[in-house]
Amino acid sequence: MPSWFAFASRKIIVNRSMAGLFTLSAILVSVIIFSLVLFVGLQGLQVFKTVNPIQFFLSSKWNPEHGQYGVLPFIVGTVVVTVLSLIFALPFALGGAIFTAKIAPRRIREILRPAIDLFVGIPSVVYGMIGMTILVPFLGQHYGNGGYGYLATSLVLAIMIMPTILTVSEDAIRTLPRSLEEASLALGATRWQTIFKVLVPAAVPGILTGVILGTGRAIGETMAMVMVIGQAPKIPGSLIESSSSLTSEIVKEIGYAQPGTFYNALYMMAFLLLLLSIGLILVIRIVARR
């Protein structure tokens with residue numbers, strides 16, 4: 001009896017210790033994230049001591065040497081590139097997820113899944129190098145203006161985020177209860193009707209999770225974007241004119257910025273990136289609940 005009670009006591013202590021450890025880890029992660037957002041936000045808000053907020057957000061003139069801090073071109077560039085990359089990537093990613101999960105034979109699936117996972121781990125600079133040496137010259141040769149701009153950047157980002165959306169969407173479709181598919185087929189639905197009217201709608205929460213992850217990578221991507229967007233601080237007249245984004249401009253300027261208005265402006269741009277990411281995630285989650 002004493003040995004049983006000792007074992008039970010040790011088990012209770014271990015369970016409570018592990019629960020406390022996990023709780024502490026969750027609190028620590030929350031504190032780190034909150035501190036990061038707070039620090040970046042407070043540092044960025046310092047820019048409004050010398051720059052009018054309306055001018056900062058709505059002006060398209062960016063020339064720190066002459067005291068012009070208009071970040072509208074960078075905000076527009078970030079939003080346009082992110083939305084276009086999702087438009088390009090989502091149909092192929094969803095189609096690939098459906099094929100891998102429900103159509104492809106087992107042998108093909110065992111080859112495709114490791115290959116897709118390999119694409120997720122490729123460094124972004126490799127995608128940027130391929131885009132700069134192959135895609136940009138191709139667009140420049142056929143459409144002019146050098147080939148840099150939103151179109152090249154969106155295509156590169158679409159290729160980058162496609163594997164992430166595909167793998168998460170495939171897992172969401174594959175983990176659906178088998179009874180959903182069997183019930184649909186038993187009621188007389190065809191295979192394609194079952195996939196598109198039963199399985200895909202049921203897997204929407206998981207698919208949106210993949211979209212969130214892909215969106216986060218597209219918004220925060222730096223190296224590939226720097227290499228193909230063109231680095232021109234303006235709102236272009238077409239998708240194949242050089243432009244810039246929040247991430248690319250921060251990377252380009254941060255090495256030269258000294259503490260002061262310019263430095264704080266870059267921090268405010270980083271804070272805007274955080275707000276855009278959080279805002280898009282909230283919007284997608286609201287849509288998923290509805």
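This is a predicted model: local features need pLDDT of at least 70, side-chain atom pairs count only at pLDDT 80 or more; totals for chains, interfaces and linings use all residues.
Helix axes are lines fitted to C-alpha atoms over the stretch in contact, and the angle between two axes runs from 0 to 180 degrees between N-to-C directions.

Helix α3 covers residues 72–103 and helix α6 covers residues 150–174; their axes come within 5 Å and cross at roughly 40°. Angles under 35 degrees count as roughly parallel and those from 65 to 115 as roughly perpendicular, so α3 is oblique to α6. The crossing of these two helices, α3 and α6, is right-handed. Sorted by class, the residues in the contact of α3 with α6 comprise 24 nonpolar, 7 polar and 3 charged.

Helix α3 also packs against α4, here at an angle of about 145° and with the axes 10 Å apart. The crossing of α3 with α4 is left-handed. On the α3 side, F99, T100 and A101 make the contact, while α4 contributes I108, R109, L112 and I116. By class, 5 nonpolar, 1 polar and 1 charged residues take part in this contact of α3 with α4.

The helices described above also take part in the largest pocket. Its volume is about 160 Å³. Helix α3, helix α4 (106–120) and helix α6 each supply at least two residues of the lining. The lining of the largest pocket consists of G96, T100, L112, A115, I116, F119, I159, M162, P163 and L166. Of these lining residues, 8 are nonpolar and 2 are polar, with no charged residue. T100, L112 and I116, which belong to the contact between α3 and α4, are also among the residues that line the largest pocket.

Conventions
Residues are numbered from 1 along each chain as its sequence is written. Side-chain values use heavy atoms; hydrogens and water are left out. Helices (H or I, at least four residues) and strands (E, at least two) are DSSP runs, numbered from the N terminus. Angles under 35 degrees count as roughly parallel, over 145 as roughly antiparallel, 65 to 115 as roughly perpendicular and the rest as oblique. A crossing is left-handed if the near helix is turned anticlockwise from the far one by less than a right angle, and right-handed if clockwise. Ala, Val, Leu, Ile, Met, Phe, Trp, Tyr, Cys and Pro count as nonpolar, Asp, Glu, Lys and Arg as charged, and the others, Gly among them, as polar. On a 1 Å grid over the protein atoms alone, a cavity is a set of points where a 1.4 Å probe fits but cannot get out, and a pocket is an open set with protein on both sides within 12 Å along at least five of seven lines; lining residues have an atom within 4 Å of a point. Grid points are joined across faces, edges and corners, and a volume is the space filled by probe spheres set on the points. Contact means heavy atoms within 4.5 Å.
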